[in-house]
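Good morning, colleagues. Please look at the sequence and the structure on the screen as I go through two regions in turn.

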Amino acid sequence: MTDDLPPLALDIDGTLTDGSGRLDPRVFQYLPTWDAPVVLATGKAFPYPVSLSHYLGLDHAVIAENGGVVLADGTVSYQGDRARAEAAAEAFVERGGDIGWGTFDAINEWRQTEIAVNQSADLDLLRSVAAEFELEVFDTGYAYHVKTPGVEKGTGLNAVGETLGIDPSSFVAVGDSENDVSTFEVAGRSYAVANADPAARAAADVVVEASYFDGTASVLESIRDDSA
């Protein structure tokens, strides 16, 4: 890491994507040339950010499943009770709920610490069932995540910082969702893109004017300019 550019903690969906949910191709211009660690922090299952960091040519530094899986310096750690989340999901379905991903559930197939449920689901029923299993339901804006309380992206960023020997407060975080709030609390500087939900907007140090990767790019450009 250089003395000029800070390490980054970046959400993926809504932050590195465009309004249609596709990865913005400019990500391949900005991130591979960032001369400091880049941590991809997402609610998606573990293989997604690992694959993205691979194709970006980044060292694998990943926070997946809302902090449930953390990878840094070749070390993987897991937090969260997948078996309990599965049991809650089964009870939810038995009571008439629908996980909502169709026959092949690519959303949960490789998920190891939680269960994600489509936002078309009966949220009141889902919360009620989850509470019986001492789990919480977290709305990321893209899915409802049935997860172990206390497992968050922010705890993941602390773990990454410890593994890499980097003070977590030196990170710049960019995100758009309630699940980024804990990251914002740990990072030294935090930015919400304009499409961010109210919780992320309230927690961020700065809400930028542009949405999706346009907003993230504006943050990265500003940091580069300040470091020049």
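In this predicted model, helix 4 is followed by E134, a residue with a positive phi, near 55 degrees. Let me go back from there to the start of helix 4, where a side-chain oxygen of D122 reaches to within 3.2 Å of the backbone nitrogen of D124.

Which residues of helix 4 are buried? In this helix, which spans residues 123-132, they are L126, V129 and A130. Viewed down the axis of helix 4, these buried residues fall within an arc of 100 degrees, so they line one face of the helix. D124 and A131, on the other side of helix 4, are exposed. The cover over the buried residues includes helix 3 (82-94), together with strand 6 (115-117), strand 7 (136-139) and strand 8 (144-147).

I turn now to strand 4, residues 69-72. From this strand, V69 and L71 point one way, while V70 and A72 point the other way; all are buried.

How is strand 3 joined to strand 4? Strand 3, residues 62-64, runs antiparallel to strand 4, and three bridges join them. Here I63 stands opposite V70. The two strands form a hairpin with four residues between them, and in the turn E65 has a positive phi of about 55 degrees.

Strand 4 is also joined to strand 5, residues 75-78, by four bridges, again in an antiparallel arrangement. A72 has T75 of strand 5 as its bridge partner. In this hairpin two residues lie between the strands, and D73 takes a positive phi near 55 degrees.

Thank you for your attention.

Technical notes:
Residues numbered from 1 in each chain as written. Predicted model: local features only at pLDDT ≥ 70, side-chain atom pairs only at ≥ 80, totals over all residues. Heavy atoms only, no water. Buried < 20%, exposed > 50% of the residue type's maximum accessible area, 1.4 Å probe, protein only. Arc of directions from axis to C-beta. Contact = heavy atoms within 4.5 Å. Polar contact = N/O pair within 3.5 Å; in protein donor to acceptor, adjacent residues only side chain to side chain. Pairing = 2+ DSSP bridges.
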